[in-house]
Amino acid sequence: MIPTTGFAADLTGNWLAATPNGDGTTRRAYFNLTQKDSSISGTVRITQFFYTISESSGGPTNFTFTASMMDGSSPRRVRYEASLAADELHLTELRPDRPGPEMVAHRVPNGEGAMPARIPPPALHKVRDNGLAKTPPMGWNSWNKFSRRVDDSIVRGVADAIAQNGMREAGYIYINIDDTWEGERDAEGNIRSNQKFPNMKALADYVHSKGLRIGIYSSPGPNTCAGYEGSYGHEEQDARAFAAWGIDYLKYDWCGARNLYNDAEMQGVYQKMGDALLQSGRPIVYSLCQYGRSDVWRWGPDVGGNLWRTTGDIRDRWDSMSHIGFDQDRLAKFASTGHWNDPDMLEIGNGGMSETEYRAHMSLWSMLAAPLIAGNDVRDMPASIASILLNREVIAIDQDRAGKQANRVLQSGEQEVWTRELAGGDFAVALFNRADEPTPMKVEWAKAGMKKTPQRARDLWTFRDIKLHGHAYVAEVPGHGVVLLRVQ
Ligand code: GLA
């Protein structure tokens with residue numbers, strides 16, 4: 001095609017910028033461009049993102065363009081500065097903070113990298129309960145600390161540590177590999193691990209040999225959040241592969257599905273993997289990760305889910321943790337045996353909060369009957385952090401077999417009292433002080449929903465038995481801290 005005006009060169013075509021991930025896989029960005037006079041239209045597909053170009057300017061060989069997409073109900077936008085030289089397209093993403101790294105794209109055949117055809121979601125039915133996760137799952141996950149750096153040796157080291165440092169005995173039994181383990185599929189479509197994980201079956205055997213279980217991660221979309229291979233169109237095949245490797249837990253993360261399905265279709269999409277896991281014949285805990293969209297707590301159990309994320313990603317900061325944790329009250333009624341709200345993984349020990357704040361994190365998650373999935377480097381953990389993760393009396397609150405998630409019963413400014421009814425009639429009572437400064441707090445038992453005035457309590461962080469007097473309890477609570485009681 002000969003350009004009519006404007007550009008000296010013709011940009012029309014399908015361009016690929018390929019960047020090695022360093023593990024044998026490649027990050028692929030496709031720019032499918034049509035140039036007409038001096039305007040550029042087309043699409044941009046970068047792993048899990050699929051944008052449509054909405055604006056362009058400049059020329060003939062230097063230009064910028066903006067592309068946008070909808071992610072659920074929120075728009076996303078990218079802007080590039082590009083130049084064409086010797087049939088190479090040089091692109092830099094213009095980000096608000098600083099420009100991204102330069103990418104160099106070459107022409108590839110039309111159709112390469114196109115979004116796969118949409119497979120309609122199945123008709124809804126109720127997936128049989130797998131009977132797993134009778135109490136909230138406990139274990140470890142690679143993402144919070146290691147992100148894309150997770151590999152076979154880290155996972156083995158973590159399994160060794162958990163088998164030796166008391167965590168296994170305390171209940172932390174799932175060793176979960178998050179995103180970036182995935183390799184490319186073979187000619188039959190079988191999923192393979194990448195170079196960081198030379199042999200997934202051998203790794204699973206190793207983890208099992210330590211008396212632990214192993215978890216893995218995938219997405220219902222063609223790509224995962226980190227841009228790796230997802231399970232789209234391969235759900236049953238992947239479930240069979242996971243079962244054959246010996247996988248015991250799957251975290252299934254929406255990300256790459258967003259270009260093919262809208263939020264209202266999530267249930268069917270998650271049901272598909274729920275069915276596939278059951279059909280695999282192996283007991284596999286099913287963890288839904290779609291950031292609490294579409295009231296997942298209402299249908300999570302129906303798709304076979306044992307737990308579902310209720311929020312976006314946690315960060316290792318007091319504001320993130322407390323914002324997420326203290327926002328869970330409205331979801332208490334959706335937790336039940338085998339089916340848990342998941343306010344995301346623990347950040348305890350990752351360094352961004354004080355020990356007081358980490359004790360509040362551990363206490364709040366335990367009150368919430370949340371999964372206790374450690375996210376720190378447990379191979380090298382100070383005793384002070386181990387003592388938080390290993391507090392057996394706090395863990396007993398989390399794992400209480402009645403499975404009743406706590407409610408906020410009192411709130412006054414930045415002070416909140418939450419209570420949780422335990423099997424056998426005890427109550428867990430948590431006095432949280434969200435303020436920066438230490439603050440005296442008072443719980444009046446009747447106002448905290450207790451029908452009888454309790455006589456005794458145990459402080460689960462100071463390990464003191466307390467004799468209670470009268471209708472209330474008063475304690476000084478540290479800033480960003482907690483006093484956690486088991487009240488008899
Ligand atoms: C999403 C999830 C995280 C983690 C990353 C991995 O952001 O919410 O927990 O799994 O993807 O890419």
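Trainee: How many bridges join strand β1 to strand β2, and do they run parallel or antiparallel?
Mentor: Keep in mind that this is a predicted model. Strand β1 (residues 13-20) is joined to strand β2 (residues 26-36) by 8 bridges, and the two run antiparallel.

Trainee: What sits between β1 and β2?
Mentor: The two strands form a hairpin with 5 residues between them. In that turn, G22 has a positive phi of about 90 degrees.

Trainee: And on to β3: in which sense does β2 pair with β3?
Mentor: Antiparallel, over 8 bridges, with β3 covering residues 39-46. Y30 has R45 in β3 as its bridge partner. That hairpin has 2 residues between the strands, and D37 takes a positive phi near 50 degrees.

Trainee: Switching to helices. How do α2 and α4 pack?
Mentor: Helix α2 (residues 152-164) and helix α4 (residues 200-209) pack at an angle of about 10 degrees, and their axes are 10 Å apart. Angles under 35 degrees count as roughly parallel, so α2 and α4 are roughly parallel to each other.

Trainee: Which residues meet there?
Mentor: From α2, D152, V155, R156, A159 and D160; from α4, A202, L203, Y206 and V207. By type, the residues of that contact divide into 6 nonpolar, no polar and 3 charged.

Trainee: Now the ligand. Which residues are closest?
Mentor: There are 13 residues around the ligand, and the closest are D178, D179, K251, D253 and D313.

Trainee: What are the distances from the ligand oxygen atoms to D253, D313 and R309?
Mentor: For D253, a polar side-chain atom lies 3.0 Å from an oxygen atom of the ligand. For D313, the corresponding distance is 2.5 Å. An N or O atom in the side chain of R309 is 3.2 Å from a ligand oxygen atom.

Trainee: Last topic, the sheet with β17. What's the strand order?
Mentor: The order is β17-β18-β19-β24-β21-β22, in an open sheet of 6 strands with antiparallel pairing. The edge strands are β17 (407-412) and β22 (464-467), each pairing on one side only. The twist averages 25 degrees from one strand to the next.

Trainee: How many bridges join β17 to β18?
Mentor: There are 5, with β18 covering residues 415-421. R408 stands opposite W418 in β18.

Trainee: Which strands does helix α9 touch?
Mentor: Helix α9 (residues 355-367) packs on the sheet and touches β18, β19 (427-433) and β24 (481-487). The direction of α9 makes about 40 degrees with that of β24.

Methods:
Residues numbered from 1 in each chain as written. Predicted model: local features only at pLDDT ≥ 70, side-chain atom pairs only at ≥ 80, totals over all residues. Heavy atoms only, no water. Axes fitted to C-alpha atoms, helices over the stretch in contact; angles between N-to-C directions. Helix = DSSP H or I, 4+ residues; strand = E, 2+ residues; numbered from the N terminus. Parallel < 35°, antiparallel > 145°, perpendicular 65-115°, else oblique. Contact = heavy atoms within 4.5 Å. Nonpolar A, V, L, I, M, F, W, Y, C, P; charged D, E, K, R; others polar. Pairing = 2+ DSSP bridges. Near = heavy atom within 4 Å. Polar contact = N/O pair within 3.5 Å; in protein donor to acceptor, adjacent residues only side chain to side chain.
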